[in-house]
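Try each task before reading its solution.

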Amino acid sequence: MSTGTKEIQSSVEGGFGKRSLGQRLIAANTFWIALVLIALIIVFTVIAPEQFATLFTFQTLLIETSVLLVLSVGMTFVIITSGIDLSVGSVLIFAGMVCGKTMEALSPGGNAGSAGWGVITIGLVAAVVSGTVWGLINGFLIAVAKIPPLIVTLGTMGAALGAAYLLNNGSDVRSVPTVLNKTLGYGTSLGGVPNLVIVAVVITLIGAWLLHTTKFGRYTYAVGSNAEAARRSGIGVTAHLLKVYTLTGFLAGIAGFMSLAYYASTTITAHTTDNLNAIAATVMGGTSLFGGVGSVLGTVIGVFIPAVLKKGFNITQVQDFWQMIAVGAVLIAAVWFDQRRRRQRNSR
């Protein structure tokens, strides 16, 4: 068996193989990052039980992480293939802007505040299509034109953001259907669960199913482990990378629609660092920057660590600057553990 084929087999077994789920988690960063998250929750609960350990706090925490979680699910697939996507934040903004402008164009007098679900549905389709197109562009340039992902997505990050500004002359769209804001943005179901969170959970579960139980997921691990070996084993690496980046753009489009529903505005400035936050969350959750290793569960944990830190520091009146330091330390530790694990595996 060739070295490349062994790497693919090892990678696939790392995501699906003979070991139990518990053994795989303990062997990966995910287990230790989960302990960090649990420890943070316990610490803030002990320090401020009446403020932190409340239903309102956890509802707010879940809502605030919903959009980032959807972005990070797509980022998980990209980074497992040993790629990167710096454009997701800008694509989110562009998709939200296209959605808002579409709903305004379909509303009398350009005011979408009283628009119904027909207009909202068309706006959703516009957001998803626009995000998917940017993902397709990224995928084509990376997979077909063979331009490095860092360069491509750095370019499309600026291009998508600039296009969003051009659509509304540099201003936010603030005319959003009231029913959308009240239903998806702030509405609840199932006894108080925010609808925005339900959407994020459904997308995350679908992403986990896709990555961990389907051929698409197995190919994602294989390409990230060794693209050339994957190609020689019959996997269409070019087509698969095209699909992965298209999927990421699709999810960024959904995230843009969710953000518009929640904020009732495109809030451009609020999303300028979403790309870095999604990458940080994915890596903190145990997905390897070197490719071939990662899980959606780990990404979920990685998304919540900065969110819990921010919420806890705000409640305990600790300066936000300490949050940046803490998140940076956890991120560096996660990469260090990943490198250490890879060195140990390669030395066997």
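**Exercise 1: Annotated spans**

Residues 149-167 are 100% helix and 0% strand, and their end C-alpha atoms lie 26 Å apart. This is a predicted model. Find how the UniProt record labels this span, then examine residues 115-137 in the model.

*Solution.* Start with the record. The unreviewed UniProt entry lists 149-167 under "transmembrane region". Now turn to the model. The span 115-137 is 91% helix and 0% strand. Its end C-alpha atoms are 32 Å apart.

**Exercise 2: A salt bridge**

Which residue forms a salt bridge with K311?

*Solution.* Side chains of opposite charge can pair when their charged atoms come close. The partner of K311 is E64. Check the distance: the closest N and O atoms are 3.6 Å apart, and the cut-off is within 4 Å. K311 lies in helix α15 and E64 in helix α5, so the pair ties together parts 247 residues apart in sequence. The whole structure has 5 salt bridges.

**Exercise 3: The second largest pocket**

Describe the volume and lining of the second largest pocket.

*Solution.* Take the volume: about 790 Å³. Then the lining: 23 residues, with L68, D274, N277, K310 and Q323 closest to the centre. Elements α5, α13, α14, α15 and α16 each give two or more residues. Last, sort by class: 13 nonpolar, 6 polar and 4 charged.

**Exercise 4: A surface patch**

Which residues form a nonpolar patch with about 500 Å² of accessible area together?

*Solution.* They are W32, L35, I38, I42 and V46. Now locate one of them: I42 is in helix α3, residues 29-47.

Technical notes:
Residues are numbered from 1 along each chain as its sequence is written. This is a predicted model: local features need pLDDT of at least 70, side-chain atom pairs count only at pLDDT 80 or more; totals for chains, interfaces and linings use all residues. Side-chain values use heavy atoms; hydrogens and water are left out. Patches are made of residues with over 30% relative accessible area and no salt bridge: like charges are joined within 9 Å, nonpolar side chains (Val, Leu, Ile, Met, Phe, Trp, Tyr) within 5 Å. Accessible areas come from the Shrake-Rupley method with a 1.4 Å probe; for residues, only the protein chains shown count as cover. A salt bridge is a side-chain nitrogen of Lys or Arg within 4 Å of a carboxyl oxygen of Asp or Glu. Helices (H or I, at least four residues) and strands (E, at least two) are DSSP runs, numbered from the N terminus. On a 1 Å grid over the protein atoms alone, a cavity is a set of points where a 1.4 Å probe fits but cannot get out, and a pocket is an open set with protein on both sides within 12 Å along at least five of seven lines; lining residues have an atom within 4 Å of a point. Grid points are joined across faces, edges and corners, and a volume is the space filled by probe spheres set on the points. Ala, Val, Leu, Ile, Met, Phe, Trp, Tyr, Cys and Pro count as nonpolar, Asp, Glu, Lys and Arg as charged, and the others, Gly among them, as polar. UniProt positions are given in the numbering used here, feature names are shortened, and annotations may be inferred rather than shown by experiment.
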